[in-house]
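This report describes one protein model, part by part. Please keep the sequence and the three-dimensional view at hand while reading.

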Amino acid sequence: MILNNNIQENYLFVKDQIASAARKAGRDPDDITLVVVTKGQPLSIAEEAIIAGALHLGENYAEEGSRKILSVPQDSSVKWHMIGHIQSRKARLVCEHFNHVDTLDRIKLAQRLDRFAGEFDRHLPVLLECNVSGEASKFGFQADEPDRWSDLLPEIEEIIKLQNLEIRGLMTMAPITTEQDQARPFFERLRQLSGFLAGEFPEVHWGELSMGMSADFEAAIQEGATIVRIGTAILGPRVAAGNI
Ligand SMILES: *Cc1c(COP(=O)(O)O)cnc(C)c1O
């Protein structure tokens, strides 16, 4: 296999940036998980990311991700995260191949994932995707108005009851901006929502906050991200915009 040194270098560089952002915020760099986003990249690039040291990979499309998951060596200890919107009819495929679902955005999907996880006799860690910006283009539980967070409680209570899913925290995407500081209020809002839910459902582990991408991960870390999802800053431009 031909090694692209850039990916190795970029990976180490981004790991360094994560560590210094964590230290700047008075946090332990080990408390932040890097998910390398391989969507739109060929299998060879995903393999290079693994060789560079990536332990968590993220994919947005059920088929594209499943193909890559089946193609990497089976003894690889990499964990695969579903980070894209999941159509209900893809729930089974996602459940069969992915280790984590970080974009659980509705009760109906939760029920389907729970059913298939049961059929595959597995336990699925999930994050609840929340739309904290209110942008119509975004998926997720509607959470832009803190005054209305209590409206979310009945559905979340139903999800908590599902036996084969385990909630681990929340996930969000900030609006696309060029200034990291403009993304901060949205990351802060997700952290506050997590505190609110921890008060309502103390039996659930709300510890994970998946927020921050190539353009805004440092701001996200300052606001408490425990998982950052980074694609282009490590792997370069995607070869395809959609499912490859
Ligand atoms: C594509 C994507 C990313 C990575 O974006 P980059 O800008 O390439 O770092 C992170 N999270 C989600 C949900 C994505 O769809």
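## Serine 210 and the basis of the model

Serine 210 belongs to strand 8, which covers residues 208-210; helices (H or I, at least four residues) and strands (E, at least two) are DSSP runs, numbered from the N terminus. Serine 210 counts as buried because its relative accessible area is 0%. The term buried stands for under 20% relative accessible area, exposed for over 50%, and partly exposed for values in between, with a 1.4 Å probe and protein chains only. The side chain of serine 210 makes a polar contact of 3.0 Å with the side chain of arginine 229. A polar contact is a pair of N or O atoms within 3.5 Å; within protein, one must be able to donate a hydrogen and the other to accept it, and residues adjacent in sequence count only if both atoms are side-chain atoms.

The model is predicted: local features need pLDDT of at least 70, side-chain atom pairs count only at pLDDT 80 or more, and totals for chains, interfaces and linings use all residues. Residues are numbered from 1 along each chain as its sequence is written, and side-chain values use heavy atoms, with hydrogens and water left out.

## The ligand

Arginine 229 also has a polar side-chain atom 2.9 Å from a nitrogen atom of the ligand. Arginine 238 places a polar side-chain atom 2.8 Å from a ligand oxygen atom, and a polar backbone atom of threonine 232 is 2.8 Å from an oxygen atom of the ligand. The ligand taken alone exposes 390 Å², of which the protein buries 92%; such areas come from the Shrake-Rupley method with a 1.4 Å probe, and for residues only the protein chains shown count as cover.

There are 13 residues around the ligand, and Lys39, Asn60, Ser214, Gly231 and Arg238 come nearest. A residue is near a molecule or strand if one of its heavy atoms lies within 4 Å of it.

## The largest pocket

The largest pocket has a volume of about 590 Å³. Its lining is formed by 28 residues, with Lys39, Asn60, Met173, Ile176 and Met213 nearest the centre. By kind, the lining residues are 13 nonpolar, nine polar and six charged. Here Ala, Val, Leu, Ile, Met, Phe, Trp, Tyr, Cys and Pro count as nonpolar, Asp, Glu, Lys and Arg as charged, and the others, Gly among them, as polar.

On a 1 Å grid over the protein atoms alone, a cavity is a set of points where a 1.4 Å probe fits but cannot get out, whereas a pocket is an open set with protein on both sides within 12 Å along at least five of seven lines; lining residues have an atom within 4 Å of a point. Grid points are joined across faces, edges and corners, and a volume is the space filled by probe spheres set on the points.

Helix 2 spans residues 43-52, and Ile45, Ala46, Glu47, Glu48, Ala49 and Ala52 in it are buried.

Aspartate 121 has a positive phi of about 55°, although it is not a glycine. Most residues other than glycine have a negative phi. Aspartate 121 sits in the loop between helix 5 (107-119) and strand 5 (124-131), and is exposed because its relative accessible area is 71%. Histidine 123 is found in the loop between helix 5 and strand 5, and counts as partly exposed because its relative accessibility is 44%.

Isoleucine 83 lies in the loop between strand 3 (79-82) and helix 4 (91-97). With a relative accessibility of 9%, isoleucine 83 counts as buried.
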